[in-house]
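Open the model in your viewer and keep the selection panel at hand. Each stop below tells you what to select and what is there.

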2 protein chains.
Amino acid sequence: MPKETFFNLPEEKRQLIEKTAITEFAANGYDKASINTIVNYSGIAKGSFYQYFADKKDLFMHILLSVIAQEKIKYLSPIMRNPGEHNFFDLIKELFISGLKFASENPELEKIGAWIINNTTHPVYEELMSEAGDYSLNFYEIMVKDAMARGEFREGIDVKYISHIFPTLISGTMDYCLKNSKDDNQIGLSGISDEILEKVDLVIEFLKNGIGHK
Amino acid sequence: MPKETFFNLPEEKRQLIEKTAITEFAANGYDKASINTIVNYSGIAKGSFYQYFADKKDLFMHILLSVIAQEKIKYLSPIMRNPGEHNFFDLIKELFISGLKFASENPELEKIGAWIINNTTHPVYEELMSEAGDYSLNFYEIMVKDAMARGEFREGIDVKYISHIFPTLISGTMDYCLKNSKDDNQIGLSGISDEILEKVDLVIEFLKNGIGHK
DNA sequence: AGGTCATATGACTTTGAGGTCATGTGGGGT
DNA sequence: ACCCCACATGACCTCAAAGTCATATGACCT
């Protein structure tokens, strides 16, 4: 947790520091991100940084837990609030849509999130899991298990396997959806283009029925 | 490419350097791997290292192209040599089996390979692709396109999407197969346990038919 | 006006990275 | 016996990182 001094800062300055840090972490990941760069672009002195944060990890955790997580929650559609009432594939579809909307509107935050998923052996990941109660990995496993228990899947599906690959699968899918439609995805009022919506349907279809003939 | 002096070294010494480097890269990835550590554990002087290699990247490339790639080729089953004669899912199954055999017998090499897949934006990845003609990514795309052209998939499958997620999907799947059977997978004469073989079949089933009801 | 206390500051320390280079050494040819 | 040349060596260089600390500043209270 950041020190009190950080929260006593005028909001403008606080947000500038956060914004700069996000850019730096998104561009370089955790290890290669530089405190020097952050303080320079924030227009604060190195010493001031350590008045606000205990260390680099402290800042990173704050970005993850208090900025990214808070922002991401805003994108969760109402359908996700009571997951018990909907079937698995509808939930996944909503998850994709809200995730894609979040990613296309907050590409830097998304990149930091992707970094974590790809660095599950990194010490900061361990710390995040112990502080946040692995909110994401458990989330999928619970969803998959529930759906399995309710008989939404075929017989013989390996629940552990599906929940194991889900995070990377989703992250890879988002990558694809965003990368292959950078030029012509017009973010409308709904916040997401029809082209991307079509892709989501194709991905759900793949999950449901695979790629083979029925 | 390493310098001539490296290849003039007695084989024992050369292999020790390679082995040490592999351990270091597998444990820390490229950036955090330390030349100092490598030379210390290899019992050579820092200066000697730079008599053998132009720089860190030179060593890493050598490990990738001349050690890992060469070793991996040994595991490709005969069925992979003429891919035109077999159907997509059989090919994928063989790919998994040879990949898993390789991974379980060469965990460090596998880890380095996984690092690359997860770091496609890293400069060394670019260099690898330009030197090796992106042997892996193209490989999947070609396989998927061929299979599509031969009508092995349902209508409406997004070829680009499937080939985009394939590398990460395979890498994640291998992870799972190896992680969840560390204790009791007896590597027999066939080189791979029945338990893992069963998992492979489940994964292929997932690819073919998804997780939904038929 | 003086004093106090939270905050701001940047020079400084330590650490370890990748990479260099003058010098040492030892086997083979004349 | 000499030299030569390929190779070996580790002290040394530069650079940039994370983190520290003595000192300066300035708003507010008495």
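**Stop 1: DNA strand D**

Select DNA strand D. Helices are DSSP runs of H or I with at least four residues, numbered from the N terminus. A residue is near a strand if its C-beta atom, placed from the backbone, lies within 6 Å of it.

Before going on, note that this is a predicted model: local features need pLDDT of at least 70, side-chain atom pairs count only at pLDDT 80 or more, and totals for chains, interfaces and linings use all residues. Residues are numbered from 1 along each chain as its sequence is written, while chains are lettered from A and ligands numbered from 1 in the order in which they are written.

Which helix gives the largest share of the surface near DNA strand D? Helix 4 of chain B does, with four residues. Now label A:Ile35, A:Gly47, A:Asp55, B:Ala45 and B:Gly47: of the 18 residues around DNA strand D, these come nearest. Colour the surface by class and you get five nonpolar, eight polar and five charged residues. Ala, Val, Leu, Ile, Met, Phe, Trp, Tyr, Cys and Pro count as nonpolar, Asp, Glu, Lys and Arg as charged, and the others, Gly among them, as polar.

**Stop 2: DNA strand C**

Switch to DNA strand C. Of the 19 residues around it, A:Ala45, A:Gly47, B:Ser34, B:Gly47 and B:Asp55 come nearest. Helix 1 (4-8) and helix 4 (46-52) of chain A give two or more residues to this surface, as do helix 3 (35-42) and helix 4 (46-52) of chain B. Helix 4 of chain A gives the largest share, four residues. By class, the surface near DNA strand C has five nonpolar, nine polar and five charged residues.

**Stop 3: the two chains**

Show chains A and B together. A rotation of 180° with 0.0 Å of shift along its axis superposes chain B on chain A, with RMSD 0.0 Å. Find B:Gly210: in chain B, its C-alpha is the nearest to the axis, at 1.8 Å.

How many residues of chain B are in contact with chain A? There are 30, and they touch 30 residues of chain A. Contact means C-beta atoms, placed from the backbone, within 7 Å. On chain B's side, helix 10 (159-179) and helix 11 (194-209) give two or more residues. Helix 10 of chain B gives the most, ten residues.

**Stop 4: two crossing helices**

Select helix 2 (residues 11-28) and helix 5 (residues 56-73) of chain B. Their axes come within 11 Å and cross at roughly 105°. Axes are lines fitted to C-alpha atoms over the stretch in contact, and angles run from 0 to 180 degrees between N-to-C directions. So helix 2 of chain B is roughly perpendicular to helix 5 of chain B (65 to 115 degrees). Show side chains at the contact: B:Glu18, B:Ala21, B:Ile22 and B:Phe25 from helix 2 of chain B, and B:Leu59, B:Phe60, B:Ile63 and B:Val67 from helix 5 of chain B.

Key: Least-squares fit on C-alpha atoms with pLDDT ≥ 70 in both. Contact = placed C-beta atoms within 7 Å. Parallel < 35°, antiparallel > 145°, perpendicular 65-115°, else oblique.
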